[in-house]
Amino acid sequence: MIEFNINDRKVRAGQGWTILETARHYGLDIPALCYHESVAPSGACRLCMVELREGSWSRLVASCIYPVQQGINVYTETERVQNIRRWIFEMLLAACPASQEIKELAARYGVVSTRFPIHDPDQTCMVCGLCSRVCEEVVGLSAISTVDRGVHKKVSSPFLRPTDICVACGCCVSVCPTGAMQAIFDSVRGEPVMQLTQLTA
Amino acid sequence: MDAQANIGVFLCRCGDHIAPLIDLDALQKDIHKQANVVHSEICPFPCLKPGLEHINQMVVRKGLNRIIIAGCEGRLMLKKFEKELHLLDLHKGQIDMVNLRGHVAAVSALSPPENAVKAAKLLKASIAEMRVLAPSPQILAKIDGPVMVIGDGIAAFAAARELSRHNIEFFLATNTIEPEKVLRKIHHTYPGERQYYNRLEGIIREAVESPLATVLPFVKLAGLSGVTGDYTLTFEADWRELPRKYRAAAVIACLDAEMTPPGPEFGHDGQQVMIQPELEERFYQNGIPPGRTVFWLNDYEIEQPDFAQLSAVAAWNMARYIREHASKSQVVILYNQKLTIPLSAADRALNRKLGILWIPYDNAVRPTIQAGFITFCNLADHVEHELDWDYVVMSPVRVLGGESLRVAKILGLIHSEGRFITGHHAKVRPEMIGREETYLAGSARYPCDLHEALNQGQTAGLKTYQMIKKAAEGKLYVPRVICVVDPDKCVGCGQCQELCDCGGIGVEDGPGGGLPRVVDPMICTGGGTCAAACPYHALVLQNNSNDQREARVAALSRQMAQGEVVAIGCVWGGLPAADNAGKLGLTYDARVHILGVPCVGQIDPCVMARAFLEGAPGLILVGCIPGECHHSFGVDHAWSRVNVMKKLLTLAGFNRQRIALAHADLNKPAEFVKTVESFTQIIAGLGLIERNPANLEKLASIYELIKYNTRVRHLLSASLRRPWEASYRGEQRHALDYDRDFSAVIEEEFLQQRLLRLLEGERRPLRLQELAVSLKEDEVQVADCLWNLVTDGSINLSHQKREAFYSLIN
């Protein structure tokens, strides 16, 4: 058993647990978007940042991928954490202004506006890649992936066309933290032939 | 493993997603009292490492052999739990998930205690299923021995070479093995590929001359039996000898499509107006044609636009060959404006150098062939122009035919006459499917060029090698959720084989021919519509059996109150739509109780009947959109079964609207909400089915009829849509006549079933009047029915004091 502190509270964790897992086990809330229990963490969204303090120095780490160590001091709600969290929320609000989910989560942490320029007011995807990780690790396929680089990076099937590899299981839609996959999904599986939802007579 | 089910239930708090919305303490107390529940507790997050380690400890400490996790979407999380608990001998099927977050907490406006009650209903249903589960042992797949590479396609040699490079013994059953002869014939299926011939020769030699190869020349496949790992292939008898049989662990079929000339409207004569393979043949026989050769890429006109690119490349290669070897010959390529020319920059440069003219024509005006001229509508000025020709070369019509079709049929690959074999497999996750690519290569799968065919052959060889290697290492297990045949019950009627779309049901050699009664576990996708269609319940979907589903539905139905609805969603349509509705926080009528199944096609009608017998006021099946069904026809089959249930409900005097089939698109959860809400409204209006003896008698009769009556089950099974049929309605006859006949049979059998039940219940001889009064049916009808039963020998007729008495045969 590894013993360490979260917010000055003594906690015990097993070998290989991450800070986020331990915190959730002890009922502490750390916000995270790109984290999903069904796949390995990737630390993409940086929302789960926590502060590690040792003596007079401190640093920020992504709690979802940071394995716990004996005797570390973790703080989840310090001014520094809150500050960085606010920044990240503001950046997310600028990057995907159309995402209702992000707006709600940001509002819960007191962020309602952004001071960064909004380039695409309809954008919902924050390109965390959770969908493609689920496709690979849970479904066992790679129908979608992030394509392009830098500011052009986006989630798509190969060549931006509907692909036969996709089995249309909808796992990506179910995990997407921003609701963006709902729109992308149809361009991956191809629009279903019939648009009907009806009861048989 | 113990036969006794020791169930552990883990309730997830899921941060603030479940705990504040469902009264988990009350729920846990309720669940803990259930039979077979050895352990239950509330965890903060069972899915995270701390939770998983705890579950592991509990499994060991309390000897749990079934786990139920009540949290979120099983579609996403089950794989992780299966992986983590695998070492404790808990496998797929022994772990179940109930989506409390998405189906209860997030979607209802109820108070936490009310939610706990609803959650308890769903959990008890899951417990009931787990109690019935008879887990199968993990079986190692055994695949060793030689591989059979069969077919005349060129891909056979690529597959054989790959096998020989990996030190695997193989049979090579192909007509021609001399490289020269193979190459001489290759243009029949792959025209315009001569620049690769010198490289092909090496592949063929390496395959044929391999010490691991046993070449079987000039043999004709006659039959296949057995399953993956143990196939027996029979080759047709020659006049000199008996049929030869070979045992093989795996079969790789390398088949090519045929190229045939287009119809007479294209003026094909094989001399001046020919198709691409014929031009290649001419190269061999008469050399390069002099004068002007016009290649007309008429793929759009012969309605095969998908293959236009292939034809264009072949045409360009041949045109290039002509220009490079006969500088006086002229070449023009006439192509439809819709075609994008598949040439690279280097190709285009070479094209300019060779002076090959590409002329696009207007798609709206069809070119015509006249003696010496071909007309086409110019794109630039929309004027019809003429082009004179000495030879016209057209694109071939690509079909699956002849020997390829015959072999494919024997191997069980064919599915729709004349169509290519690809895309016929169920569209499910990789862990569920067989290995299409390992046993099929070549242009019969889908028209392709030579390079692609060789690639497919190589891949098939490689995948087969990997499979054999994995099996040899003891890492290849037989999939858990597959159909198995109970040989004691199976009569070999073959309904399942006709219905099966994955091709997993094979024949077993026996006296008087093969009986379709073995399931190839490595091919079966676990769709289960075959199992639900079996008239004798001889086909069982292992670890996901009909008994399990029946137990689950029955347990849930028993708890249903006025206006409550059992909804069964398939894991590709209804269930994810419900999950996503929960994720989006859409609220819908809390009276909807959702269960998940892999495919609505695996719901036996007796499960539907059981739901009503146990007291469900309404049952709705929510499948995929028709045509999008992942198990091909599951949703169509469900339609037929629901339809029979509707007929039976009407016969028994209940409202037929109590059961319905609906469709859901997982990406449109709002539509799903509309569907279930509308159905719940209907059911709320209808009220409960009153639990009086008369109604219970009828419901029990429906259940017994649809579960045990083989005549009705045979008829139902025969009326289901076959994979090769365009629709599920019996098209061979007048629809209304057919329906009336079917209804008449059901009516007759229903009354018989009720009479038999009554006689069984009373245990004494009864008079006609007594029977008719007791069933509240017309005396004449009952008399008819009784006479049928007597002549069948199902019941006894005896006379006492000049009165007829009917009784069961002891």
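1. A:Arg189 and B:Asp665 form a salt bridge whose closest N and O atoms are 2.9 Å apart; the term stands for a side-chain nitrogen of Lys or Arg within 4 Å of a carboxyl oxygen of Asp or Glu. Between chain B and chain A the count is two salt bridges.

2. This is a predicted model, in which local features need pLDDT of at least 70 and side-chain atom pairs count only at pLDDT 80 or more, while totals for chains, interfaces and linings use all residues. Residues are numbered from 1 along each chain as its sequence is written, chains are lettered from A and ligands numbered from 1 in the order in which they are written, and side-chain values use heavy atoms, with hydrogens and water left out.

3. Chain B brings 43 residues to the contact and chain A brings 45 residues, contact meaning heavy atoms within 4.5 Å. The two chains bury about 3800 Å² between them, 55% of it on carbon and sulfur atoms; buried area is the accessible area (1.4 Å probe) that two parts lose on being put together, summed over both. On the chain B side, B:Pro50, B:Leu76 and B:Asn667 supply 16% of the area buried against chain A, more than any other three residues.

4. Chain A is assigned domain 1 (2–77), domain 2 (78–121) and domain 3 (130–189), with bounds from an automatic or database domain assignment. The centres of domain 1 and domain 2 of chain A, taken over C-alpha atoms, are 21 Å apart. Their contact takes 16 residues from domain 1 and 13 residues from domain 2.

5. Domain 1 and domain 2 of chain A bury about 1300 Å² between them, and carbon and sulfur atoms give 61% of this. In domain 1, A:Leu47, A:Leu60 and A:Glu77 lose the most area to domain 2, together 41% of what that side buries. The rule finds one salt bridge across this interface. A:Glu77 also forms a salt bridge with A:Arg85, with the closest N and O atoms 3.2 Å apart.

6. The second largest pocket holds about 1300 Å³ of space. A pocket here is an open set of points on a 1 Å grid over the protein atoms alone, where a 1.4 Å probe fits, with protein on both sides within 12 Å along at least five of seven lines; lining residues have an atom within 4 Å of a point. Of its 40 lining residues, A:Leu105, A:Arg108, B:Asp16, B:His17 and B:Arg101 are the closest to the centre.

Methods. Grid points are joined across faces, edges and corners, and a volume is the space filled by probe spheres set on the points.
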